[in-house]
Amino acid sequence: MNQFQEDNIKVLIVEDEPILAELNAEFIQKDTKVKVIGIASTLEEAKIMVEKLKPTLILLDNYLPDGKGIELFEYIINNHLDCYVIFITAASDMDTCSKAIRYGAFDYLIKPVSYQRLKHSLERFELFLYRQSLQKHVNQRKIDELFNLQTKDFIDMNRPSKGIEEITLQKVKDLFMQTDKALTVDEIVEKANVSKTTARRYLEYCVQIKLLTVELNHGKIGRPERLYKRLGK
């Protein structure tokens, strides 16, 4: 299991409406693989918490009592702090949006935000981190994939089938992209850190979409073992 799989994604919420901040925290911790480590209601409080808590990701409102969220983004850049930003704000002016894009915001959501849209953004961010954790060096295709995670259209990224989640599906796909060998269900369980039932479901889905092929190994006594291999290899 790699470090990405062991650690939660640490999220700081910067939002001056307490009820909304709590609702967002409750939602994302229930339906996504993140951990809310703090809620800041002012710009100054946010600066202190970013330095102290070192979040992986900040969900950032732009309109705060003592300043603007974009100023926090500038503070993060100027102080070389290692974290990502998703704006969740009523700020729909092009100047704020343009600055957020230039500074490298992972996403920009305009209030009122659909929780499905927020969940989608967080899932893409999780996949973004997972892809980065796979290897230290990249080729052009992998760079394109990372950038694509920040720009992929919401509708195009809807789940391909009921019960199939994007992050888990990508983990399974990546395991087969890294080898030409056939893999068993047990190997997928260990490498992808999923249950045997989940591994079987995703492997059979990959067979269904013609990504993998499956064959039976009769070499052992008892029930034949299913071996999965990338199609064409």
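Arg230 is buried, with a relative accessible area of 15%. Its salt-bridge partner is Asp180. The model is predicted. Side chains of opposite charge can pair when their charged atoms come close. In this structure the count comes to 9 salt bridges.

**Asp180 and Arg230**
- The closest N and O atoms of Asp180 and Arg230 are 3.3 Å apart.
- Asp180 counts as partly exposed, at 47% relative accessibility.
- Arg230 counts as buried because its 15% relative accessible area falls under the 20% cut-off.

- Lys111 and Glu15 form a salt bridge through their side chains, at 2.7 Å from N to O.
- The two residues are 96 apart and link distant parts of the chain.
- Lys111 sits in the loop between β7 (107–110) and α6 (115–134), whereas Glu15 sits in the loop between β1 (9–14) and α2 (18–31).
- Glu15 is buried, at 3% relative accessible area.
- Salt bridges with shared partners join Glu15, Asp61 and Lys111 into one network.

**Arg124 and Asp107**
- Arg124 and Asp107 form a salt bridge, with their closest N and O atoms 2.6 Å apart.
- Arg124 is in helix α6 and Asp107 is in strand β7, 17 residues apart.
- Arg124 is buried at 2% relative accessibility, and Asp107 is buried at 9%.

Conventions: Residues are numbered from 1 along each chain as its sequence is written. This is a predicted model: local features need pLDDT of at least 70, side-chain atom pairs count only at pLDDT 80 or more; totals for chains, interfaces and linings use all residues. Side-chain values use heavy atoms; hydrogens and water are left out. A salt bridge is a side-chain nitrogen of Lys or Arg within 4 Å of a carboxyl oxygen of Asp or Glu. Helices (H or I, at least four residues) and strands (E, at least two) are DSSP runs, numbered from the N terminus. Buried means under 20% relative accessible area, exposed over 50%, partly exposed in between (1.4 Å probe, protein chains only).
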